[in-house]
Amino acid sequence: MALFDCTVNATSGNARALTYETAHGPFQTPMFMPVGTSATVKGITVRQLEELGAQVVLANTYHLSQRPGPEIVAEAGGVHGFSGYQGPMLTDSGGFQIFSLEDTRKLDDDGVTFRSVYDGTYVRWTPEENMRIQQLLGADIAMQLDQCPPYPATREFVQRAVDLSSAWAKRCLAAHTRPDQTLFGIVQGGMHLDLRLESVRRLLAIEQESLAGGGRRFGGFGIGGYSVGEDHETMFETLGDVARALPEERPRYLMGVGNPTTLVRAVGEGVDMFDCVLPTRTARMGTAFSSTGRMNMRNAKYARDFGPLDAACDCPTCQNHSRAYLRHLVKQGEMLGAILLSVHNLHFLIDLMARAREAVLAGEYAQFQRAWMESPAAKDY
């Protein structure tokens with residue numbers, strides 16, 4: 001396969017199994033990507049990520065651009081050399097920080113000015129500057145700079161976010177030149193299906209214009225602006241139509257969504273890739289996914305429970321440690337508790353998506369999804 005080639009290995013209903021080639025090897029979908037905001041998945045070593053079967057690891061452009069700075073990362077050999085992780089990597093553009101740090105930033109047609117959360121200095125990003133930073137970071141996949149609108153928001157606000165994100169997508173694609181890195185466009189549009197489909201059409205038109213002028217295409221597409229305050233059912237009112245409006249021969253990446261049941265349902269709607277801080281963040285709060293539903297390890301009922309965290313799981317945590325011990329670690333505030341639960345939660349999602357792929361390859365995804373929805377594991381939020 002050539003660099004950034006995508007092969008559709010199988011479909012089952014709307015669910016898909018893809019293989020995608022990068023400079024650091026191929027990855028296969030459906031797939032969950034652990035989030036390593038500052039070039040580290042909190043509490044998890046590179047070796048553990050490899051042992052868990054992580055295929056792609058994320059890093060955050062906003063945070064790495066502030067500390068230690070993209071030039072230092074580039075000097076270290078890019079985010080791979082800096083972190084020591086040699087599998088495929090992805091950098092998000094910082095567009096989510098435009099949403100989450102709205103009190104400290106100012107948007108205009110040309111770019112964004114924000115106040116650093118680290119030292120209070122003002123930083124100016126244009127789409128071109130964002131591409132310069134991401135190309136220095138050197139992940140296999142870069143994301144366009146975009147505006148993620150909150151929920152709820154007026155239609156006028158969401159339309160403006162679509163306009164701005166589309167204009168920035170064109171500039172990002174023109175500015176992106178690194179040959180061993182690809183760029184994903186991002187669909188916005190809030191909960192308005194017509195605005196979502198307009199965003200898709202505009203991205204595809206931008207791509208066609210670029211190709212006609214001898215430029216590049218998008219290597220895939222992110223679906224942004226979900227999981228920003230709406231309930232899950234509201235997201236699913238439009239998600240499937242949006243995913244299926246995107247090209248069949250390239251990955252579809254639902255950004256920032258990570259609870260198990262949503263992943264299973266979204267694969268059934270045609271989504272391929274996922275990321276979220278949820279498995280490690282909830283682990284640090286003492287919470288675990290399991291085949292019996294979400295578990296709060298602070299619960300007193302686990303104090304004398306010497307069985308494994310999840311009898312159906314073969315991760316290192318479940319193989320070696322009891323619920324009672326994990327509860328003890330969590331209650332004591334021991335960092336090992338958060339680490340062991342993070343290992344389990346990441347394994348749970350990575351393994352879930354591996355089993356989803358097997359179901360697609362077997363042509364049995366509808367049965368797989370139905371069995372999941374009827375199981376206690378679906379009670380995960």
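Is Phe4 buried or exposed in this structure? Phe4 is buried, with a relative accessible area of 11%. Buried means under 20% relative accessible area, exposed means over 50%, and partly exposed lies in between (1.4 Å probe, protein chains only). This is a predicted model, where local features need pLDDT of at least 70, side-chain atom pairs count only at pLDDT 80 or more, and totals for chains, interfaces and linings use all residues. Residues are numbered from 1 along each chain as its sequence is written, and side-chain values use heavy atoms, with hydrogens and water left out.

**Backbone features**

Helices (H or I, at least four residues) and strands (E, at least two) are DSSP runs, numbered from the N terminus.

- Phe4 sits in the segment before β1 (6-12). Its phi is near 70 degrees, a positive value in a residue other than glycine.
- Ala39 also is not a glycine, and has a positive phi of about 65 degrees. Ala39 belongs to the loop between β4 and α1 (46-52). Ala39 counts as buried, at 18% relative accessibility.
- Thr29 and Pro30 are joined by a cis peptide bond, with omega about 0 degrees.
- Arg67 and Pro68 are joined by a cis peptide bond too, with omega near 5 degrees. Pro68 is in the loop between α2 (61-66) and α3 (70-75).

Contact means heavy atoms within 4.5 Å.

- Pro30 is placed in the loop between β3 (25-28) and β4 (31-34). Its relative accessible area is 3%, so Pro30 is buried.
- Pro30 touches several residues beyond its neighbours within four places in sequence, including Arg16, Ala17, Val267 and Met353.
- Pro30 and Phe274 are 244 residues apart in sequence, yet their C-alpha atoms are 8.2 Å apart in space.
- Arg323 belongs to helix α14 (residues 323-332). Arg323 counts as buried at 19% relative accessibility.
- Leaving aside neighbours within four places in sequence, the contacts of Arg323 include Met295, Met297, Tyr302 and Asp305.

Two packed helices are described by the angle between their axes and the distance between the axes. Axes are lines fitted to C-alpha atoms, for helices over the stretch in contact, and angles run from 0 to 180 degrees between N-to-C directions.

- Helix α7 (residues 155-175) and helix α8 (residues 193-212) have axes that come within 10 Å and cross at roughly 15 degrees. That makes α7 roughly parallel to α8. Angles under 35 degrees count as roughly parallel, over 145 as roughly antiparallel, 65 to 115 as roughly perpendicular and the rest as oblique.
- The α7 and α8 crossing is right-handed. This term applies if the near helix is turned clockwise from the far one by less than a right angle, and left-handed if anticlockwise.
- From α7, residues including Arg155, Val158 and Leu173 meet residues of α8 that include Asp194, Leu195 and Ser210. The residues of this contact divide into seven nonpolar, four polar and eight charged. Here Ala, Val, Leu, Ile, Met, Phe, Trp, Tyr, Cys and Pro count as nonpolar, Asp, Glu, Lys and Arg as charged, and the others, Gly among them, as polar.

**Helix α11**

- Nine of the nine residues of helix α11 (residues 260-268) are buried, so α11 is largely enclosed by the rest of the structure. Pro260, Leu263 and Arg265 are among them.

**Salt bridges**

Side chains of opposite charge can pair when their charged atoms come close. A salt bridge is a side-chain nitrogen of Lys or Arg within 4 Å of a carboxyl oxygen of Asp or Glu.

- The count by this rule is 22 salt bridges.
- Arg178 pairs with Asp180 in a salt bridge, with the closest N and O atoms 2.6 Å apart. Arg178 is partly exposed at 25%, and Asp180 is partly exposed at 30%.
- Arg217 forms a salt bridge with Glu249, the closest N and O atoms being 3.9 Å apart. Arg217 lies in the loop between α8 and β12 (220-223) and Glu249 in the loop between α10 (239-245) and β13 (252-254), so the pair ties together parts 32 residues apart in sequence.
- Arg355 and Asp351 meet in a salt bridge at 3.0 Å, N to O. Both lie in helix α15 (residues 335-361), four residues apart, about one turn of the helix.
- A network of salt bridges links Asp108, Asp110, Arg124, Glu128 and Arg171.
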